[in-house]
Amino acid sequence: MTPRIRLAVPLLAAALLSSACGGGGGGSAAAPASAQPGEKIKLTVGLFGDFGFKPLYEEYKKTHPNIEIVENVTQFNDHHNNLVKRLATNAGAGDVEAVEVGYISTFTAQPNKFVDLKQFGLDKRQSDYLDWKWQQGLSKDGGQVLGLGTDVGGLAMCYRKDLFKKAGLPTDRAEVAALWPTWEQYIETGKKFAAADVAGAKFTDSPGEIFRAMVNQAPTGLYDAQDNIIVESNPDVKKAWDLSNQLTQEGLTAKLAAFSPPWNTGFAKGSFATIICPAWMTGFIQEQAKDATGKWDIATVPGGSGNSGGSHLMVPKQSKHPKEAAELIDFLTSKDNQAKVFKEEGTFPSIPALYDDPSIQNFTKPFFGDAPIGKIYSEAAKALKPQHLGPKEADVRVAIGNGLGRVEQGKQTPDEAWTQVLEDVKKIR
């Protein structure tokens, strides 16, 4: 799997790759010693994909020649599971660790395991951020700054213009967006695509990320504000479940589990015509479908907005060099560097002052037919409404995703799968 992607929480079991992984190594739980002037320091940065930081490291080392930065990149699920284990054993974590939004509440609930960045003055950054993004990085009581945000995953829909043309559908992005103001109309458009019988292509990849997008658009998601799991009682979750399974039942999915090797190959082969497209997905599409320049474009997502993904950078207390790690986080998440990473990798900034910046507003990509990527994702980010995330958010999403996968594989009916999902979710504590 190409490491470029900024992974969202996987929804299908096939996506949860479980190969053993190394990395980490920020030291033991011993009390950190202050670095001496000119002392050579090695900082380890644990990531779950290519965050676009490598050029920034080189820039940083020009003014910090005593700092060596080692990046440890592993797959999404391995990264977060290993971090849980390393915190529990007080050994093996990096100096800086990335945490995706689906897991952020799991780790901020353990403030004793992370450095309060406020002690190094990073509370000064609060005014830079979207308020809800800043709040996500705080301890539950709001008293400690445990992580600074890198990006947000404002939603859009990427689509293949060539496949739409073959199906007799419009290809202009404004006309395409007009096809699906609602998810029900998205499915109706999918039926038209299917009726055209475009060789080798289905309307979408799989139902998992569609479900995630729909739930993320709701006022309340999988948890209520008191951290109770409300999968069974929230009608928006059941509606998302029913519509996602309708895609499967209508034969509109390519049955490609998100983030699996066959899914990666599907981009190059043109196996699906649409895909949920948070900003970070654009870089991944471009990497996987190198020969498809001009074939992909971007339209607004049904429902108009939403968020999928986004991360924070945190410093485990195991770090021997917390001050230097905090300074590196401050640099990597700066306004200028978030803008640079967006232009190179597609990950959209979590600093709203950039959203009206001409260099962002006017940013386009030839690969996507010069689509106004900056404008599209700025508008999506501005429309975002934050949703409360519970402490086992990722586990709940995996249980639901596994259910969607069983339906897609023909192992259960939607009702049978839903019954099992509710049983599985009740076991999550």
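This is a predicted model: local features need pLDDT of at least 70, side-chain atom pairs count only at pLDDT 80 or more; totals for chains, interfaces and linings use all residues.

Reply: Gladly! Residues are numbered from 1 along each chain as its sequence is written, and side-chain values use heavy atoms, with hydrogens and water left out.

Me: Which residues of α1 are buried, and why are they said to line one face of the helix?

Reply: In α1, residues 54–63, the buried ones are Leu56, Tyr57 and Tyr60. Seen down the axis of α1, they fall within an arc of 105°, so they line one face. The arc is taken from the directions from the helix axis to the C-beta atoms. Buried means under 20% relative accessible area, exposed over 50%, and partly exposed in between (1.4 Å probe, protein chains only). Helices (H or I, at least four residues) and strands (E, at least two) are DSSP runs, numbered from the N terminus.

Me: What do the buried residues of α1 pack against?

Reply: Their partners are β1 (41–47), β2 (67–73), α12 (322–332) and α13 (335–345). Contact here means heavy atoms within 4.5 Å.

Me: Why is Gln136 called buried?

Reply: Its relative accessibility is 15%, and the limit is under 20%, so Gln136 counts as buried. Gln136 lies in helix α4. Leaving aside neighbours within four places in sequence, Gln136 is in contact with Val101, Ile104, Thr108, His312 and Leu389.

Me: And what makes Ser271 buried?

Reply: The reasoning runs the same way: with a relative accessible area of 13%, Ser271 falls under 20%, so Ser271 is buried. Ser271 sits in the loop between α10 (261–269) and β7. Not counting residues up to four places away in sequence, Ser271 touches Gly200, Ala201, Lys202, Ala254, Leu256 and Gly266.

Me: How do you know that Cys158 and Cys277 form a disulfide, and what makes it left-handed?

Reply: A disulfide is a pair of cysteine sulfur atoms within 2.5 Å, and the S to S distance between Cys158 and Cys277 is 2.1 Å. The torsion about their S-S bond is about -60°, so the disulfide is left-handed. Cys158 lies in strand β5 (residues 157–160) and Cys277 in the loop between β7 (272–276) and α11 (279–288), so the pair ties together parts that are 119 residues apart in sequence. Both cysteines are buried, and the structure holds one disulfide.

Me: What makes a space a cavity, and what makes it a pocket?

Reply: On a 1 Å grid over the protein atoms alone, a cavity is a set of points where a 1.4 Å probe fits but cannot get out, whereas a pocket is an open set with protein on both sides within 12 Å along at least five of seven lines; lining residues have an atom within 4 Å of a point. The structure holds five cavities of 30 Å³ or more. About 210 Å³ of space lies in the largest cavity, and about 430 Å³ in the largest pocket. Grid points are joined across faces, edges and corners, and a volume is the space filled by probe spheres set on the points.

Me: Which residues lie nearest the centre of the largest pocket?

Reply: Of its 17 lining residues, those are Ser105, Gln135, Gln136, His388 and Leu389.
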